[in-house]
Amino acid sequence: MRRRGSAFGAVLGSLRSRLSASPRLFSASLRRAALERGLRAVALLSLLALLLLSLRDLRAPSALAADDVDGTRGLRAALARWSTREAPASVRVALDAVPAPVMRDWIAALAGAGTRVAWSGRALPATALAVEPVADPARPSRVLVAAPDGRGVALEDALGPLDSLSARGGGAALTALDVRGRVRARVAGAEATAAVRDSLVLRRVLVLGRAGWEAKFAAAALAERGWAVDARLAVSPAGDAVQGSPGAIDTARYAAVVALDTTAARLAPRVAVYVRAGGGLVIAGEAAATPGLAALLAAAPGGAPSPPGRFAADS
Amino acid sequence: MSAEIVLATAMYESGDWESAPLLPANLIDSVARYTSLPVAPKGAQVPLAGEELLEHPFVWLTGHLPVRFTDAERRNLIRYVDRGGFIVVDDHNHDVGGVFHRTATEEIERAFGRGALTRLPNTHELYSCFFTFRDGPPATSHELNGWGDNLQHDYLHAVVRGGRVGLLYSNKDYSSEWNFHPDSKRLMAVDPTRFGVNLVVYAATR
C-alpha cells in the first residue's frame, strides 16, 4: 500500500513540477493528446457500429412472398431490387407469361448468387423446339415442336413464316426444304427458338442387284433425287455391269447400300461388316430372304407395320 | 411389268418393220448364252404408238422403206426414250444416201429436235459394258457387200437423254448381220451377235 501510494504520489509530484515549470508546454501537448484520444474513440465507436449493423443484417434475412412480384411486369423491378438493395434468402415468382431471355438469365444468376428461387407459371404452355438436318440431297430440315395438344403452333425462320401446325400427341413436326437462320415457334404467346446445329455429310449410295428394270430405275430414281450412285448389277457369272465407280464398301465412301435381290448375297459378308460399322442398309424384295443379309434385318419382313410416330405432321 | 426382259420389235405403219424376223431369236439366244439376265425366251412385236412399248426396255426398229411416223408414233417414241427406254434404229439398207436413212434421221430429228442425233464416240461405255470393242462398233459383213453405199460406217449415232443413250441409230446393217438362225453360230469363229449383247446389257443397266 505504501509503495503504490508513493508511486502515484511521485507521478503527481512530477506532473505538478512540470506544470509549474512550463505552462505553455502543458497546454499544447495536452490538447494534442486529448485530440488523439478523442479521434481514436470516434473511430472505435464507428467500427463498432458498422459491425453491429452488418451482424444485424446477417441475423435477420428477409423472405419475400410470391405476391411481391406482380406477374412478369414487375419482375424486372423486383430482380433489380433483389440484386442490389436486398439480398433475400429465397424468392418465389409467379409468371403469367414466358419471361424474356434476359429475365430468365437474371433469375438463374440470382440463384447462383445464393438466393433460393422458385417459380410457377400455370398459364404457360410447355414449349420446346428442335431443328435437325435430314439426310437428303435436297438438304431439308426437320422441325420438331413440343406443345400442348390442340394448341396452334406458328413456325417462322429468318425469312418469314414457314407454316402453322396444330399440336397433336404432344407436339408437331414439319420438314422444311430451306430453313434460314434461327427457327421460331410461337405457341399461345410463348416463344421458343432453335437453330440447326448439326452438320451432315452425304456420301454415295451403292445399289446391288440383278441387271434389269428394277435395278436400273432404282439407280436412276436415286440419281434424280440428287444422290451420287454407284451400282454393281449382276449380268453374268463372270462379272457385273458397273455404274459410277464402285469402291470398297465402307462408311467412308457410302451412306447406304441398297440390296434389291439375291445377287447381293455375293457381297453379304462385306455388307455385314459395313452395317456393323454404322453403315445404312436398305433391303428390298428378294434380298430380304438372302441368308447373309437376313441376319442384318431388324425385324422379319411381312409383319404388320409399326404404329405412326408420336408427332403428327400436319397443318 | 414382268421381271423378265422381253426383247421387242417395233411395228410402225410406214415401212417393212418385219424385215429381220430371225434377229430377235438370235439376240435372245446370245443374251441367254453369255449373261445371266432374265430374258424371256420369246420376243414380242409391239406397235410403236402403243402403250405396250413402255413395258420393254429394249426395242429394235429396222426396215428398207421410207419412214414416216404418225403423230402418235412420234409422241410415243419421245415418251419411251424420255422415260428410260432404249431403242435401236438400224438401216437395213446400210446406205446413207438411201431412203430409209434419209427419212429415219429426218423423223428422229423431227421428234427430238434438230441436232439431237449426235455421233457416239467409240470410247462410249456402250462398247465396253459387257464385251469390249476397242475400235467402236464392230463391222458387219454386209457393209462392203456391194449393196447400199458400200461404205464402212465407223460410228453410230445416238439421242442422249440425261447422260444415257435412249435411241441408237446405225447404218451398219446389224439387221442383216444378225438375221440368222441361232444354231448357225456354232459354225462361226466369232459370234457376231456379241455387240447385240452389249446393247441389251446397256438397256438393262442404264
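1. Let's start with F58(B): in this predicted model, F58(B) is buried, with a relative accessible area of 1%. F86(B) is buried as well, at 0%.

2. These two rings belong together. F58(B) and F86(B) form a stacked aromatic pair, 6.0 Å centre to centre with 25° between the planes. The pair links distant parts of the chain, with F58(B) in strand 3 (residues 58-63) of chain B and F86(B) in strand 4 (residues 86-91) of chain B, 28 residues apart. Both are members of one aromatic cluster, which also includes W60(B), Y127(B) and W178(B).

3. Over all chains, the structure holds 12 aromatic pairs. Another stacked one is formed by W213(A) and F217(A), at 5.0 Å between centres and 10° between planes. These residues are about one helical turn apart, because they sit 4 residues from each other in helix 5 (residues 213-225) of chain A. W213(A) is buried at 8%, whereas F217(A) is partly exposed at 30%.

4. K216(A) lies over the face of F217(A), 5.7 Å from the ring centre. In chain B, R194(B) lies over the face of F131(B), at 5.2 Å from the ring centre.

5. K185(B) deserves a glance: this lysine is in the loop between helix 4 (174-177) and helix 5 (194-205) of chain B, yet is buried, with a relative accessible area of 7%. Its side chain makes a polar contact of 3.0 Å with that of N26(B). K185(B) also touches D29(B) and D191(B), among others.

6. Finally, in chain A, strand 1 (residues 90-94) and strand 2 (residues 116-120) pair in the parallel sense over 5 bridges. The chain passes between them through helix 4 (residues 101-112) of chain A, in a right-handed β-α-β crossover.

How values were computed
Residues numbered from 1 in each chain as written. Chains lettered and ligands numbered in written order. Predicted model: local features only at pLDDT ≥ 70, side-chain atom pairs only at ≥ 80, totals over all residues. Heavy atoms only, no water. Helix = DSSP H or I, 4+ residues; strand = E, 2+ residues; numbered from the N terminus. Buried < 20%, exposed > 50% of the residue type's maximum accessible area, 1.4 Å probe, protein only. Polar contact = N/O pair within 3.5 Å; in protein donor to acceptor, adjacent residues only side chain to side chain. Contact = heavy atoms within 4.5 Å. Pairing = 2+ DSSP bridges. Right-handed = clockwise from strand over helix to strand, strands pointing away. Phe/Tyr/Trp six-rings, centres within 6.5 Å; stacked < 30°, edge-to-face > 60°. Lys NZ or Arg CZ within 6 Å of the ring centre and 35° of its normal. Lists of a residue's contacts leave out its neighbours within four places in sequence.
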